[in-house]
Amino acid sequence: MHIPDGYLGPATCGIFYAIMLPIWTMASKIVKKTLSVKQVPLLAIGAAFSFVIMMLNVPIPGGSTGHAVGAVLVAILLGPWAACIAITVALVIQALLFGDGGITAMGANCFNMAFVMPFVGYYVYKLISLGSPINSNRRVIAAGIAGYVGINIAALITGIEFGLQPLLHHSASGQSLYCPYGLNVAVPVMLGEHLLIFGWVEAIVTAMVIKYLQKHSPELIKENEVKL
Amino acid sequence: MKLINKLWILLGIVVVISPLGLILPEHFKAGSAWGEWGADEMKELVGYIPQGLEKLSTLWSAPIPDYAFKGWEEKPIVALSFAYISSAIIGVIICVGIVLILGKFLSKKK
């Protein structure tokens, strides 16, 4: 889901940077008010965990690869604004140091994976787990569904970003200047492979960690309980 | 053991198994992620390299491209796995470092 340089035209790149700037500002302001000093190491682990989980490429035999992101998990434990900051850090390092995701596409990639995904996942989790006890199975299932829905909405939006390019930019002879695949290909492929494979990886990882924390550190799940 | 230490260990385990993200796709003959092809792959797929893509794709030259050291492209999978784990360790250290520093500014004062 890391869009490289050259797949999105200048207009799309610019718009997503412009959208992300106020989101990053807002995230900084809110996190400054809500994150306690003792939660900072957990946020650091969250960013690092997301970084590494995105390296764990899962193959579709004979086809393409994809991976989980971990953004919904971080959002459940520390809130969606803190998750936005943690995942942004992971994505920036991946782009700058490892060429995974483009510099020009950074705004779009952060919008998809560091904003849409943690926020969608967080509210799906809140909705399903509402009123359930901290140690209930409903919370584990809620976390799994939240991970699945979060990554798939992110994949859908990524597909739309790719798919809009041939409409926006093409040469006089009809050749695309950037991503050559339109909405009719990009959306079903991006969404399809996440619905079928990668979404399940995200769901299992998110649910398993919540299950583990229910046993070993239920206060972590409780801590973020009231904040909406 | 304190939970935070358990989580560090868990993170360490994920770092150590990270080369699976390299080995499994290779074993199952899976190519690049969709929409993350290089210019050559793009030419094979659609018959041409989109002009804008050709220009922008060389904009940034990452120091450790695709989690492999430069010039290691043809090395055996064991060497590439070593580079992959090294990349994961570097990434983890920098992620943790940056968030800890950011956290100094972005957390509520007691």
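This is a predicted model: local features need pLDDT of at least 70, side-chain atom pairs count only at pLDDT 80 or more; totals for chains, interfaces and linings use all residues.
Residues are numbered from 1 along each chain as its sequence is written, chains are lettered from A and ligands numbered from 1 in the order in which they are written, and side-chain values use heavy atoms, with hydrogens and water left out.

Back to our glycine. B:Gly21 sits in helix 2 of chain B, which covers residues 20-27 (helices, H or I with at least four residues, and strands, E with at least two, are DSSP runs numbered from the N terminus). What does B:Gly21 touch, leaving aside its neighbours within four places in sequence? The partners are A:Met55, A:Leu56, A:Asn57 and B:Tyr84, where contact means heavy atoms within 4.5 Å.

On one side 66 residues of chain A take part, and they are in contact with 60 residues of chain B. Together the chains bury about 5500 Å², and 73% of that is on carbon and sulfur atoms; buried area here is the accessible area (1.4 Å probe) that two parts lose on being put together, summed over both. The rule also finds 19 residue pairs in polar contact across this interface, both residues at pLDDT 80 or more. A polar contact is a pair of N or O atoms within 3.5 Å; within protein, one must be able to donate a hydrogen and the other to accept it, and residues adjacent in sequence count only if both atoms are side-chain atoms.

Which elements of chain A give two or more residues to the side that touches chain B? They are helix 1 (10-34), helix 2 (40-53), helix 4 (80-98) and helix 7 (183-216). Helix 2 of chain A supplies the largest share, 11 residues. Sorted by type, this side of chain A has 44 nonpolar, 17 polar and 5 charged residues. For that sorting, Ala, Val, Leu, Ile, Met, Phe, Trp, Tyr, Cys and Pro count as nonpolar, Asp, Glu, Lys and Arg as charged, and the others, Gly among them, as polar.

Now step back and take in chain A as a whole. Its secondary structure comes to 8 helices and 2 strands, and from the N terminus on the order is α-α-β-β-α-α-α-α-α-α. The radius of gyration of chain A is 18 Å, close to the 17 Å that the globule rule gives for 228 residues, so chain A is as compact as a globular protein of that length. (That radius is taken over C-alpha atoms, and the globule rule is 2.2 Å times the number of residues to the power 0.38.) Along its principal axes, the C-alpha trace of chain A spans about 60 × 40 × 30 Å. Of the 228 residues in chain A, 64% are buried.

Just after helix 3, A:Gly79 takes a positive phi of about 95 degrees. Then find A:Arg139 in helix 6 (residues 137-168). Is A:Arg139 buried or exposed? At 1% relative accessibility, A:Arg139 counts as buried, and a polar atom of its side chain lies 3.2 Å from the backbone oxygen of A:Pro133.

For a contrast, go to A:Leu21 in helix 1 of chain A. A:Leu21 is exposed, with a relative accessible area of 51%.

We finish in chain B, in the loop between helix 4 (51-56) and helix 5 (77-105), where B:Asp66 is found. B:Asp66 has a positive phi of about 55 degrees although it is not a glycine, and at 57% relative accessibility B:Asp66 counts as exposed. B:Tyr67 is found in that loop too, with a positive phi near 60 degrees, but at 5% relative accessibility B:Tyr67 counts as buried.

Notes. Buried means under 20% relative accessible area, exposed over 50%, partly exposed in between (1.4 Å probe, protein chains only).
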